[in-house]
Amino acid sequence: LKAIKSRYPDCTIAVLASTLTAPLLSQHPLVDNVIEDAWWRRTRLLGRTFWQGVHYIESKKFDVVLHVLYDPLFAWICALARIPFRIGDRSKFFLRLSCNVDVTQVWGDLSAHEVELNMQLLKPLGIQLSPSRAPREGQLSPSRAPREGQLSIPVDTVCERWFSEMVKNHPWAYVGPLVVMAVGSGGGNKGWSPQGFVGLIR
């Protein structure tokens, strides 16, 4: 989001999100509009609410859509809404049919983070950047300010206070950066061994 706003400071950014994640994105200062996708999924494919979705997206007059996640339903809504530039992963056949700007994302590359792969979708917009990485010694950066290419998730003060109170009730003390590991994956990366996660934690 920061890279897009830096390259196109006058642009308006809208994000399609589930009901679960929409409140999180609504707090982001670079997001102008959050669209919840649940309302057009209440009937079968090509049902009445599907076409309501097409007309709704068409009414927004979007110039570009980035298909970060492969959602065939939303991909065809954007195509039928005639968004001029529809950017998506060339390796997904049905997504490629609904897009007119293809980018190759190699999802089987375990050395690349999902964020890095999604950044490749920005190349047709004239944006190329590499995410900053933690020092190789395994020490986290002492600065907590987001750098170019790093994730930045704004949190309101109410949620921050709630989290601070919650961790006080645990036996471990929250004295610094808290690292949360999701020891699992899916798709082409599903077969990663437990030793791989151990190495990542170390």
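**A close look at the sheet**

Guide: Start with three strands, which form an open sheet in the order β3-β4-β5, with parallel pairing. This is a predicted model: local features need pLDDT of at least 70, side-chain atom pairs count only at pLDDT 80 or more, and totals for chains, interfaces and linings use all residues. Residues are numbered from 1 along each chain as its sequence is written, and side-chain values use heavy atoms, leaving out hydrogens and water. Helices (H or I, at least four residues) and strands (E, at least two) are DSSP runs, numbered from the N terminus. Two strands pair if DSSP finds at least two bridges between them.

Now check the pairings. Three bridges join β3 and β4 in the parallel sense. Leu66 stands opposite Ile87 in β4. β4 and β5 also pair in the parallel sense, over three bridges. There, Val101 in β5 is the bridge partner of Ile87.

Next, follow the chain between strands. It crosses from β4 through helix α5 (residues 93–98) to β5, and this β-α-β crossover is right-handed. That term has a viewing rule: with the strands pointing away from the viewer, the path from the first strand over the helix to the second runs clockwise.

Stay with β4. It is mostly covered: four of its five residues are buried (buried means under 20% relative accessible area, exposed over 50%, partly exposed in between, with a 1.4 Å probe and protein chains only). The chain reaches β4 from β3 through α4, and this β-α-β crossover is right-handed.

Asp89 belongs to strand β4 (residues 85–89). Asp89 has a relative accessible area of 2%, so it counts as buried. Its side chain makes a polar contact with the side chain of Lys92, at 3.0 Å. A polar contact is a pair of N or O atoms within 3.5 Å; within protein, one must be able to donate a hydrogen and the other to accept it, and residues adjacent in sequence count only if both atoms are side-chain atoms. A polar atom of the Asp89 side chain also lies 3.2 Å from the backbone nitrogen of Gln105. Leaving aside neighbours within four places in sequence, Asp89 is in contact with residues including Leu95, Val103, Trp107 and Leu121 (contact means heavy atoms within 4.5 Å).

Turn to helix α4. Asp71 caps its N-terminal end: a side-chain oxygen lies 3.2 Å from the backbone nitrogen of Leu73. Leu73, Phe74, Ala75, Ile77, Cys78 and Ala79 are buried in α4. Just after α4, Arg82 takes a positive phi of about 60°. Arg82 sits in the loop between α4 (72–80) and β4. Its relative accessible area is 63%, so Arg82 is exposed.

Finish with the core. The largest nonpolar core has 12 residues, among them Ile87, Val101, Val103 and Leu121. Both α1 (2–7) and β5 (101–103) supply at least two residues of this core. A nonpolar core is a set of buried Ala, Val, Leu, Ile, Met, Phe, Trp, Tyr and Cys residues joined through side-chain atoms within 4.5 Å. A second, separate core of 11 residues includes Ile57, Val65, Leu73 and Cys78.
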